Amino acid sequence: MTDRLDIVAIGNAIVDVVAQIDDDFLVRNDVDKGIMTLIDQDRAKQLYAAMPPAKEVSGGSAANTAAAAAAMGATSGFIGSVREDTLGKIFSHDIQASGVEYHGPFLTDGPETSRCLVLVSPGGQRSMSTFLGASTGLIADDLETDLLAQADWLYLEGYLFDTPEAKQAYARAVTATHGGGGRTSITLSDPFCVDRHRDDFRSLIREHIDLLFANRDELLSLYQTDDLDSALAAAAQDCEAAAITMSEDGAVIVRGDARTRVPAGKVNVVDTTGAGDLFAAGFLTGLSQGADDARAATLGCAAAGNIIGQIGARSETDLKAVIAGI
């Protein structure tokens with residue numbers, strides 16, 4: 001095991017199934033456009049059968065961040081549950097092949113390995129139907145506290161924050177990371193996550209989180225306001241820093257009274273899947289290399305811009321080359 005890791009991420013261990021569709025497909029199959037919907041195992045099988053030819057890649061929001069950070073030169077680890085089944089073996093192989101330290105946990109019974117059916121509309125908007133499966137089996141006792149104590153940055157995925165067991169696991173994770181001298185971050189993941197867990201998110205952020213990741217809609221929902229400046233000010237009071245993405249308007253980093261704005265580059269949008277994941281990877285990689293907020297956010301925007309120009313959330317190009325010279 002590496003002496004220290006730049007980033008250790010915790011989240012859902014998911015295999016993404018990505019297909020391009022038209023809007024009529026969403027209507028015919030009763031899929032809500034542009035959001036993530038939780039589904040059960042039967043619905044996952046039914047929707048998969050209706051999908052056109054698809055691309056299957058190991059995914060999961062925090063896992064994408066860990067893999068992208070490794071591709072950009074950071075040392076990273078990932079914690080997330082899979083079942084000992086075919087998809088679980090695929091996930092384990094893929095994430096380790098990407099250079100991420102991974103040891104499961106591997107479950108021998110219960111639901112199958114998680115999968116996310118990603119339907120990409122014309123223009124790149126994604127509609128996700130997620131069967132959480134084995135990912136929900138993560139409990140505090142499964143955490144490798146030695147690994148977490150070696151992390152310079154802990155990165156928590158909001159999508160997993162849906163069960164009492166996961167909340168207990170996150171509490172243990174931040175304690176272990178801070179105990180080892182590391183710092184903590186969380187992504188809110190999706191507005192629906194905020195709606196479900198607003199009070200718990202705000203409590204966790206105020207008490208345990210050093211760096212908050214969110215997009216504009218998630219941040220506005222968290223603080224129940226339509227005014228971005230008010231939401232940014234509230235975030236500055238709740239944690240040391242917040243990195244807020246704003247699609248084509250780039251990103252703003254809040255640290256106390258300081259506001260650092262970084263523009264988004266021009267890109268041909270094919271699929272927005274993983275944009276936030278890759279931004280976090282670039283930003284945390286930059287911080288781990290001693291970058292200031294402006295440079296870290298620039299790296300994040302470059303990584304996000306790269307991923308939305310292709311299908312899927314694992315880059316098909318050399319991310320080190322993408323950020324070289326920035």
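**View 1. The pairing of β15 with its two neighbours.** Within β15, I253 is the bridge partner of A243. The model is predicted: local features need pLDDT of at least 70, side-chain atom pairs count only at pLDDT 80 or more, and totals for chains, interfaces and linings use all residues. Residues are numbered from 1 along each chain as its sequence is written, and side-chain values use heavy atoms, with hydrogens and water left out. Strands (E, at least two residues) and helices (H or I, at least four) are DSSP runs numbered from the N terminus, and two strands pair if DSSP finds at least two bridges between them. Strand β14 (residues 241–245) runs antiparallel to β15, with 4 bridges; in their hairpin, 5 residues lie between the strands and S247 has a positive phi near 55°. On β16, A258 is the bridge partner of R255, and 5 bridges join the antiparallel β15 and β16. The hairpin of β15 and β16 has 2 residues between the strands, and G256 takes a positive phi near 65°. In β15, 4 of 5 residues are buried (under 20% relative accessible area, 1.4 Å probe, protein chains only).

**View 2. The packing of α10 against α11.** Helix α10 (residues 275–288) and α11 pack at an angle of about 145°, their axes being 7 Å apart. Residues of α10 that meet α11 include L278, F279 and F283, while those of α11 include L299, A303 and I307. The residues of this contact (heavy atoms within 4.5 Å) divide into 12 nonpolar, 3 polar and 1 charged.

**View 3. S81 in the loop between β5 and β6.** S81 is found in the loop between β5 and β6 (82–83). S81 counts as buried because its relative accessibility is 1%. A polar atom of the S81 side chain lies 3.5 Å from the backbone nitrogen of L138. Leaving aside neighbours within four places in sequence, the contacts of S81 include A13, P105, L107 and G137.

Methods:
Axes are lines fitted to C-alpha atoms, for helices over the stretch in contact, and angles run from 0 to 180 degrees between N-to-C directions. Ala, Val, Leu, Ile, Met, Phe, Trp, Tyr, Cys and Pro count as nonpolar, Asp, Glu, Lys and Arg as charged, and the others, Gly among them, as polar. Buried means under 20% relative accessible area, exposed over 50%, partly exposed in between (1.4 Å probe, protein chains only). A polar contact is a pair of N or O atoms within 3.5 Å; within protein, one must be able to donate a hydrogen and the other to accept it, and residues adjacent in sequence count only if both atoms are side-chain atoms.
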